Amino acid sequence: MNFDELFGHFGQHTVDGLSKGAIYALIALGYTLVYGVLRLINFAHSEVFVVGTFAVLGAWTAFGMQDRPGAGQAILFLLIGLIAAAVASGGTALALERIAYRPLRRRNAPPLVFLITAIGLSLVLVEILGLLLPRLVGGVFPTLFGRERQIVGMPTIIEQKPLITIGDTSITNVQAIVFFSALLMMAMLDWFINRTRYGRGVRAVAQNPETAALMGVNQDRVIMLIFVLGGVMAGAAALLWSVRFGFTQSSLGFVLGLKAFTAAVLGGIGNLRGALLGGLFLGLVEVYAATLYTSAWEDVVAFVVLIVVLMFRPTGLLGESLGRARA
Amino acid sequence: MLLELDNVTVAYGRIEALHGISLHVDEGEIVALIGANGAGKTTTMRAISGIRALAGGAIRFAGEDISRLRADLRVGRGLCQSPEGRQIFPGMTVLENLDMGAYTRRDSAGIAADLERVFGLFPRLAERRKQAGGTLSGGEQQMLAVGRALMSRPKLLLLDEPSMGLAPLVIKQIFDIVTEINQQGTTVLLVEQNAQQALSRAHRGYVLETGRIVKEGTGQELLHDPAVKEAYLGVA
Ligand SMILES: Nc1ncnc2c1ncn2[C@@H]1O[C@H](COP(=O)(O)OP(=O)(O)O)[C@@H](O)[C@H]1O
Ligand SMILES: [Mg+2]
């Protein structure tokens, strides 16, 4: 175990972990929002994120982005990417609700049916991105769907440069952008849920759906809203992922989704601030573990954390569901 | 006639809980619906509010057939319920719970005025406005549930067992306020097992037994009815 490396560059590993965890946290919000209101684990949420990454690449390609655009252009492309990803991910999440989950709710389907449906939807979306679209439109959009199930590289929008260096710890421009954008998105969501009339409606349905209806809350509208909100957060995560890592793949959501789900469970699924905490914590643990052992262990950590949390503290670090803890 | 139930039938699965009940509430009245545990009082209230679908019959409110209207839309028509067991949103503050009552409204000046009115009726709620609803005492939660329903400025206030589980002094306080609300112009349909209190406050009343209305009359008539006395007022 490489303690020298971990403690010798502890600051650097912490910075790396936090910027990674911020992306997990953004995705985790989608699991937590839907769970908080419907007690449903939307396993297809990982693909909602992946759709967003393809949308980012699609928009960048369509608007002719080259490697390393100038600062003004880069900001424009970030904005275009954000809009494309938010629309694509939000739209996909909404479609899942309208096409699959709502009809099940109308039939009073048991929880297991929802769970199997969610897993099924996840697989369907993976194969649509990995097989169906390459076969149907691969010729038309070669940068996106040129080859089946392949890793697709993206142009570099911002070159990584150290922004601040303290001792031997440096924070890159990209890390700072990822971390603070994610935080900003989460702060906006938190404000929306806790301070607006619609947010109050969401919390009411989460806490007591029948009484929410007695107060005039349209439950279907609240449910659509949370799917869209979770989707938009996943879209933002997709943009940040694209900026930071610069590639995507139809199967990207599998491991990443499980990590984000772990982050949500770790923080206390249904709890928005818990998702932030869980995401950052997982990012840190992962980077520390990869340093101590080897990076091959990185992905294992998330699953170990998930199992340990489920065994010893299934309500997560913060516990309580959406709105109950006023968070 | 503000509210009219015409031969309403409600079933849970294959079991019918209401076997065609008819009743009405006129503007300005307090109408009591009394009956033993399991008689179907709550089911009646759920049907009126629209969270339980009808198996037969019709409900009319202010001249409109609302039998198939979605529950959340009935609030805007002027129907609001304080449900059995109070059902406060536990993680919301007192103020947020009251705001939930005004969820369908957009007239902020009117909402602010009604908030003052509710705080006037229930000064305890004003003191505790920042406190989480789940941490209130039973009596305070009941006040909050009634206040929350009032925040929708209902034409008809539905109260399902407001006295349940409360101390006699608190019960009297709640019923005093119900009377006051009614005198200020709100029509009230009151469901109770506490028949004594309910009937002495009500203009009219109905007696529900295993899903059927078996008796109706003015509050005083029912209070002095020998059968009602024996079954519901604990007088032999
Ligand atoms: N959710 C439910 N599922 C099945 N049966 C129910 C349900 N709710 C109430 N019932 C039945 O319907 C009848 C009326 O219940 P309810 O309306 O709650 O009575 P009350 O409010 O007068 O005590 C009872 O026999 C009760 O067991
Ligand atoms: Mg009842």
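Reader: Which element gives the largest share of the shell around ligand 1?

Author: In this predicted model, helix 1 of chain B gives the largest share of that shell, with three residues.

Reader: How do you know which residues surround ligand 1?

Author: A residue is placed there if its C-beta atom lies within 6 Å of the molecule. Tyr12(B), Ala17(B), Gly35(B), Asn37(B), Gly38(B), Ala39(B), Gly40(B), Lys41(B), Thr42(B) and Thr43(B) surround ligand 1. By class, this shell has three nonpolar, six polar and one charged residues.

Reader: What does helix 1 of chain B lie across?

Author: Helix 1 (residues 41-49) lies across strand 1, strand 2 and strand 4 (56-61) of chain B, and runs at about 70 degrees to strand 2.

Reader: What makes strand 2 and strand 5 of chain B edge strands?

Author: The open sheet of chain B has four strands in the order 2-1-4-5, with antiparallel pairing. Strand 2 (15-25) and strand 5 (64-65) each pair on one side only, and they are the edge strands.

Reader: How do you know that strand 1 and strand 2 of chain B pair?

Author: Pairing requires at least two bridges. Strand 1 (residues 3-12) and strand 2 of chain B have eight bridges, in the antiparallel sense; the two strands therefore count as paired. Within them, Ala11(B) stands opposite Glu16(B).

Reader: Why is helix 6 of chain B called largely enclosed?

Author: A residue is buried if 20 or more other C-beta atoms lie within 10 Å of its own. In helix 6 of chain B, 11 of the 13 residues are buried, so the helix is largely enclosed by the rest of the structure. Among the buried residues are Met143(B), Leu144(B) and Arg148(B). The buried residues pack against strand 6 (79-82), helix 3 (94-101), helix 4 (108-121), helix 5 (123-127), strand 7 (156-160) and helix 7 (168-183) of chain B.

Reader: How does the span of helix 6 of chain B stand against the expected value?

Author: Helix 6 (residues 138-150) reaches 18 Å from its first C-alpha to its last, close to the 18 Å expected at 1.5 Å a residue.

Reader: What do strand 2 and strand 3 of chain A form?

Author: The two strands form a hairpin with two residues between them, and Gly167(A) in the turn has a positive phi of about 60 degrees. Strand 2 (residues 162-166) and strand 3 (residues 169-172) run antiparallel and are joined by four bridges. Pro162(A) stands opposite Thr172(A) in strand 3.

How values were computed. Residues numbered from 1 in each chain as written. Chains lettered and ligands numbered in written order. Predicted model: local features only at pLDDT ≥ 70, side-chain atom pairs only at ≥ 80, totals over all residues. Expected span 1.5 Å × (residues − 1). Buried ≥ 20, exposed ≤ 12 C-beta atoms within 10 Å, placed from the backbone. Contact = placed C-beta atoms within 7 Å. Axes fitted to C-alpha atoms, helices over the stretch in contact; angles between N-to-C directions. Nonpolar A, V, L, I, M, F, W, Y, C, P; charged D, E, K, R; others polar.
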